[in-house]
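Dear colleague,

I am handing over the structure below, and my notes on what was found in it follow directly after. Please read them with the coordinates open.

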Amino acid sequence: MSVQRTLAIIKPDVVEKRQQGVVLQRILDEGFRVLAMRQARLSRQAVEGFYAVHRGKPFFDELCDFMSRGPVVLLALERENAVAHWRAVIGATNPANAEPGTIRKELGSSVGENAVHGSDSEENGARECDYFFAGVDQA
Ligand code: ATP
Ligand code: MG
């Protein structure tokens, strides 16, 4: 294991419910170092670029509509084993299948509106942090 970076996104459903603080406190309690954080309203084009790997899938339009419908909170996080640890904390993609105590179980409402994002590999963690926070290496 090694120190890694992962990108977390607090999605629009959580911001609409004013529960960003719940997720941020969990991030801190789990020992992540916050390298960078900002709220942003993502354009549809930015979301399409970020989730480009899913282009062409049946849920792509719904995903892009959802992620661009209101503000999100972007966080570049660092921790030992950050990618796997954050994905364990957030739980399965579909909140109905997520373990008790995970963020998606507690805050997610459907497979589409599932509260938070987490990078899925060390390489993508670094790439996604750079996508939103160019130069975060220097943080
Ligand atoms: P994320 O990348 O947002 O952290 P994930 O890695 O758990 O989620 P992916 O397979 O990368 O899951 O899917 C990206 C997002 O697309 C999911 O978070 C979810 O919001 C949406 N999604 C995935 N599968 C479906 C589906 N079958 N129906 C509706 N939305 C879906
Ligand atoms: Mg994913």
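Ligand 1 sits in the largest pocket, a pocket being, on a 1 Å grid over the protein atoms alone, an open set of points where a 1.4 Å probe fits, with protein on both sides within 12 Å along at least five of seven lines; sitting there requires that more than half of the ligand's atoms lie within 2 Å of the grid points. This is a predicted model, in which local features need pLDDT of at least 70, side-chain atom pairs count only at pLDDT 80 or more, and totals for chains, interfaces and linings use all residues. Residues are numbered from 1 along each chain as its sequence is written, chains are lettered from A and ligands numbered from 1 in the order written, and side-chain values use heavy atoms, without hydrogens and water.

Around ligand 1 there are 13 residues (a heavy atom within 4 Å), of which K11, Y51, T93, N114 and H117 are the closest.

As for polar contacts (N or O pairs within 3.5 Å), oxygen atoms of ligand 1 lie 2.8 Å from a side-chain N or O atom of K11, 3.1 Å from a polar side-chain atom of R104 and 3.1 Å from a polar backbone atom of V111. Of the 580 Å² of accessible area that ligand 1 has on its own, the protein covers 78% (Shrake-Rupley method, 1.4 Å probe).

With best regards

Key. A polar contact is a pair of N or O atoms within 3.5 Å; within protein, one must be able to donate a hydrogen and the other to accept it, and residues adjacent in sequence count only if both atoms are side-chain atoms. On a 1 Å grid over the protein atoms alone, a cavity is a set of points where a 1.4 Å probe fits but cannot get out, and a pocket is an open set with protein on both sides within 12 Å along at least five of seven lines; lining residues have an atom within 4 Å of a point.
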